[in-house]
Every structure is written in C-alpha cells, then in structure tokens.
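User: I'm new to this one. Could you walk me through how to read its features?

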Amino acid sequence: MHNVRNITENLYWIGANDRRLALFENIHPIPEGVSYNSYMLLDEKTVVFDTVDWSVTRQYVENIEYLLNGRELDYLVVHHMEPDHCGSIEELALRYPNLKIISSEKGFMFMRQFGYKSINGHELIEVKEGDKFKFGKHEIVFLEAPMVHWPEVLVSFDTTNGALFSADAFGSFKSLDGRLFNDEVNWDRDWLDEGRRYLTNIVGKYGPHIQHLLKKAGPIVDKIKFICPLHGVVWRNDFGYIIDKYDKWSRYEPEEKGVLIAYASMYGNTENAVEIIAKKLAEKGVTNIKMYDVSNTHVSYLISDLFKYSHLVIASPTYNLGIYPVIHNFVMDIKALNLQNRTVAIVENGSWARKSGDLLQEFFETQVKDIAVLNEKVGLTSSANNVNLDEMDALVEVLVESLKK
C-alpha cells in the first residue's frame with residue numbers, strides 16, 4: 001500500500017523508513033531508525049529525485065506507481081551515489097525502459113563501479129555546476145557539492161517552487177513517524193542530538209567543503225522555500241536555525257560553553273576521580289556537564305557532544321605503557337574528524353608507570369589542530385588521595401576561568 005506525502009504543488013515525498021537496521025553504515029547505532037528520502041515531481045515530465053536503500057524498495061515502488069497512476073517515469077535525478085540512496089536505481093531502470101538518468105560525471109562512474117548494468121541502453125545525462133534542466137514549468141539548477149560527503153555529490157534547486165534538494169546535507173538519523181516537516185516536530189528537543197550526531201560523524205571531517213557549499217548557496221537562500229534532504233525531516237521554515245547549526249559545526253565552533261567528561265576506568269578509581277571533578281565543577285556553578293564512560297558508549301555519541309561543548313576533560317588509565325585502548329580510539333576519531341577549537345584537561349592514572357597523560361598531551365599538541373591543553377593535570381597513582389584533591393581544585397579553577405572566556 002502506498003505511503004506518500006505532498007510537500008507542495010506537484011512535489012511529493014515518496015521515501016520509506018528503516019527501523020530494523022541496527023547500525024548506519026554498519027558503524028553508528030540508530031536506535032530510532034533512519035528514513036530514506038526520495039522525492040517525485042509531477043510536471044509535463046515525471047521526475048524522481050534519488051532513490052532509496054534496497055531494504056525498502058518494495059514500499060518505494062508502490063509509492064512511485066501510485067503517483068504515476070499509469071504514466072511513465074521520464075527522469076531520475078541522482079545527487080548522491082551512496083548505496084542507501086542509490087540502492088533502487090537498477091530496479092527503476094528495469095521497470096521503466098525509457099527512463100533518462102541525470103547525474104554528475106563521477107555519479108555515473110560510481111554506477112559503473114557498483115556494477116549497475118541495467119542503466120546500459122538508457123539515456124545518461126551528465127550535468128555539472130550551473131547547468132539547468134526543465135521538466136515543464138519547473139526548472140532546476142545544479143550546484144556541485146564535492147565531499148559533502150562523497151566526491152560526486154550534486155545539490156539542485158527548483159527555481160519554480162523553491163525546493164532545495166540537498167543530498168546528505170541537513171539530514172539526520174531517526175525514522176519519520178508520519179510527521180514529515182520540521183514544524184510538525186520539536187526539532188530542538190527530539191531531533192537536534194541525532195542531527196548533530198549524523199552530521200558530525202558522517203561529514204564532520206569535511207567542514208571546509210560544507211562551508212564552501214554554504215557560500216555557494218548564499219545567493220539563493222532567500223529564495224528557498226523547502227529543504228529536502230536524503231534523511232530526516234523536510235524543512236519548510238526556520239531555515240536560519242538549521243543553517244546556523246551547520247555553519248557552527250562545519251567551522252568547528254562549539255554550540256555551547258560546557259564540559260564533556262570522557263573517561264575510562266578499569267576498576268573504578270579513575271571514575272571516582274572524575275566524579276569528584278564533576279561535583280567540584282557543579283559547586284563552582286558549572287552545570288552544563290555531560291559525562292560518559294567511554295568503554296560502554298559508542299564513539300559517535302562522544303564525537304557529537306564534543307562538537308556541542310567547548311571543553312573536554314579526558315581521563316585515562318595507563319595500559320601497556322600507553323593510552324587506555326578505548327580512549328586511544330576516541331582521540332583517533334577526534335583526529336580523523338578534524339575536530340578543533342576545543343580546550344582539553346587531562347586526568348591520568350597508573351599504578352607503577354604513569355604514561356597516559358603525557359601521551360595524551362603530546363597527541364593533542366601535535367596531532368590535532370587548534371586544541372588548547374590546560375597545564376593543570378590530575379595524576380593518580382592507583383587511586384585518588386589528598387594530593388590529587390589539590391590538583392583537582394587547581395584544574396577546576398582553570399576550567400571555570402576558561403569557560404568564562
């Protein structure tokens with residue numbers, strides 16, 4: 001049975017939801033699922049914008065057939081070739097032998113790399129920056145958006161109805177629950193964390209490319225009436241809100257002054273120390289605090305909150321004369337995602353050869369851009385003692401002062 005929603009005159013959401021998938025890209029937990037968004041325009045020509053993951057193709061085909069109502073499908077526009085969006089290209093190519101496919105040069109390269117033989121014999125229309133295409137009264141213009149977050153990515157803008165087809169930009173984890181539009185949900189309460197986790201972990205490394213796209217889109221911002229991403233809600237107002245979030249995230253600017261405490265603890269002694277530090281921060285009036293045990297928290301949540309908060313307290317035991325493995329993995333993700341412009345405080349532990357603190361300091365000072373490491377450090381020898389309490393007080397004082405800047 002079909003399940004579509006009208007966005008504006010002649011434009012429809014025809015996607016589907018996946019609540020069974022446990023890991024997005026087989027990495028990131030998605031406890032609330034994910035949507036695969038695709039859109040259909042009914043003009044003099046019929047047009048589908050992107051497809052969906054193979055797992056939801058049955059629902060997808062029913063949606064398309066319902067809206068076509070006996071018409072042929074004339075065009076498929078492919079903005080992004082990641083398999084969660086291109087999984088049904090071959091199905092459409094087989095069902096609609098006269099289908100014309102529009103994509104970028106690299107988009108078609110990826111189709112061939114993925115072995116999409118059913119596109120052979122179809123008219124393949126290659127577009128690039130600034131190209132325009134008319135489907136009747138609707139005309140779209142293409143912008144290239146390389147590395148947001150694959151090199152072939154296009155976005156397009158319908159100059160007739162003001163719809164921006166933004167590919168993975170402005171998307172989010174979470175499945176849709178009947179509510180399609182941003183003003184039908186409490187996005188700040190229910191979607192912001194998953195939107196940030198999606199952007200920062202999937203596209204976080206490519207902040208400069210997002211900035212470049214935002215600048216290119218600048219001249220049309222006041223003409224946008226809908227933002228149609230490939231995951232999550234469709235935006236039909238309050239564009240400044242989501243654009244501001246993307247601007248901050250892609251410039252690695254913290255959303256909030258606050259402290260993320262990320263620790264690992266083998267037997268509870270390091271955990272005890274950061275619990276005391278958190279209490280002391282709260283006593284000093286710092287209440288914007290988030291604490292995670294890195295050993296049982298997926299790194300995507302750590303990265304998301306580190307994009308959110310301005311300060312990091314990182315606490316690691318020494319393990320095999322090195323950084324505790326899960327903390328090491330976390331900081332390697334910080335490096336991989338190009339995170340910068342943060343202030344870091346270090347807590348280390350070691351029973352006979354305390355090394356993790358020096359190694360963490362060296363890492364942040366030499367491997368990551370624009371990270372300020374506080375001189376004050378808490379060094380535990382097995383467990384906290386009165387000397388450590390003085391070190392904690394000193395660390396808390398400089399954290400509080402740093403948060404005021």
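User: Which residue lies over the face of phenylalanine 181?
Analyst: A charge sits over a ring if NZ of Lys or CZ of Arg is within 6 Å of the ring centre and within 35 degrees of the ring normal. Here that's arginine 236, 3.8 Å from the ring centre of phenylalanine 181. Likewise, the charged end of arginine 197 sits over the ring of tyrosine 301, 4.1 Å from its centre. Keep in mind that this is a predicted model, where local features need pLDDT of at least 70 and side-chain atom pairs pLDDT 80 or more, while totals for chains, interfaces and linings use all residues. Residues count from 1 along each chain as its sequence is written, and side-chain values use heavy atoms, leaving out hydrogens and water.

User: How many aromatic pairs does the structure hold?
Analyst: Rings of Phe, Tyr and Trp (its six-membered ring) pair if their centres lie within 6.5 Å; planes under 30 degrees apart are stacked, over 60 edge-to-face, the rest tilted. There are 18 such pairs. Tyrosine 75 and phenylalanine 135 have ring centres 5.2 Å apart and planes at 65°, so they're edge-to-face. Both are buried (under 20% relative accessible area, with exposed over 50% and partly exposed in between, using a 1.4 Å probe and protein chains only).

User: What does phenylalanine 364 touch?
Analyst: Contact means heavy atoms within 4.5 Å. Leaving aside neighbours within four places in sequence, phenylalanine 364 is in contact with residues including Leu312, Ile314 and Val373.
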